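Dear colleague,

I am passing on the structure below, together with some notes on what was found in it. Please read the notes alongside the coordinates.

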Amino acid sequence: MRAMVLERPSEVSTSPLKLQEVTLPLPRAGEVRLQVRCCGVCHTDLHIAEGDLALPKLPLIPGHQIVGIVDAVGGDVRVIKDGDRVGIPWLYSADGTCDYCRHGFENLCEQARFTGFHVDGGYAEYAVVREDFAHCIPKNFADENAAPLLCAGVIGYRSYRLSGAKADSRLGLYGFGASAHLVLQLARHEGCEAYVFTRSQAHRELAKRLGAVWVGAAEDLPPKALDSSIIFAPAGSLIPHALRALRKGGILTLAGVTMSPIPQMAYSLVYEERQIRSVANSTRQDVREFLDLAAEVPIRTEVQVFDLEQANSALQALKKSEIKAAAVLQITQV
Ligand SMILES: [Zn+2]
Ligand SMILES: [Zn+2]
């Protein structure tokens, strides 16, 4: 099969992913194989390609927002059938036995393995996954529109839930990329007011079009104090600004995998019971809840489609913030 393979991480401007012909994977017991239709391109892929994260496997096929059609099933597969359309998100497997797994935090599992990180991902024509970690994709989404739901959407959803946002509350969104534009639609659906902080004029226009009640720059104070905020941009310097805009007891959630150092700041910014918390990965329950909700809203994903061979270009565009919403590789067409 054809795949975009990372042998040695380097700056994406040097095109570290190479198109290769690799062996077709076979599903083992309990696993299914997908013919990949689409795979979303995530900021984490950029960190993987550039070697910002220590990589447990090389060579590696990146990609963890995979939508495909099951074309082979291993022994003992009970629920998923040939021809089903399923998705593979970032959480590829968890052991189910550690303290975290047993208490509903499989996202923090000691033995968690991640798609396109510990195992080959979806920048390829085929991918394999355990059937209990594959997720059915709601019918009302086209393949390319479903892909960004699987990471940008799911992480956004977990961030949103952990932020405590609810009906009639005021939620701040810092950075307006793939995740935030999905969270904004969810917030609106639940009757929560969204305040969007971004420098980009294109992002401000999209935010307004999707129903943000206010848009501004990170340094601006919104007209009313916010109940909670989520920072999507990997910039630690945003934290003091976001805290200044929060009411007493407000919650600031950090959605990024990496962040630049957090500047020294006055205790008064967190005093009065303001909280800061991060989000790491997501559980299968997050994925299922979010996909159901996304279909109910319904959440619209704005995508920019690339061919498999253009994966390097997609990562370069993502790095330069040239992607308006979410980048998706289209791998096999119907
Ligand atoms: Zn991701
Ligand atoms: Zn575990």
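Helices (H or I, at least four residues) and strands (E, at least two) are taken here as DSSP runs, numbered from the N terminus. This is a predicted model, in which local features need pLDDT of at least 70 and side-chain atom pairs count only at pLDDT 80 or more, whereas totals for chains, interfaces and linings use all residues. Residues are numbered from 1 along each chain as its sequence is written, chains are lettered from A and ligands numbered from 1 in the order in which they are written, and side-chain values use heavy atoms, with hydrogens and water left out.

Salt bridges (a side-chain nitrogen of Lys or Arg within 4 Å of a carboxyl oxygen of Asp or Glu) number 20 in the structure. In helix H2 (residues 99–102), arginine 102 and aspartate 99 lie 3 residues apart, about one turn of the helix, and their side chains form such a bridge at 2.5 Å, N to O. Both of these residues are exposed, where exposed means over 50% relative accessible area, buried under 20% and partly exposed in between (1.4 Å probe, protein chains only).

Glutamate 309 pairs with arginine 2, the closest N and O atoms being 2.6 Å apart. Glutamate 309 is partly exposed at 40% relative accessibility, as is arginine 2 at 24%.

A network of salt bridges joins Glu106, Arg130, Asp132 and Arg284.

With regards
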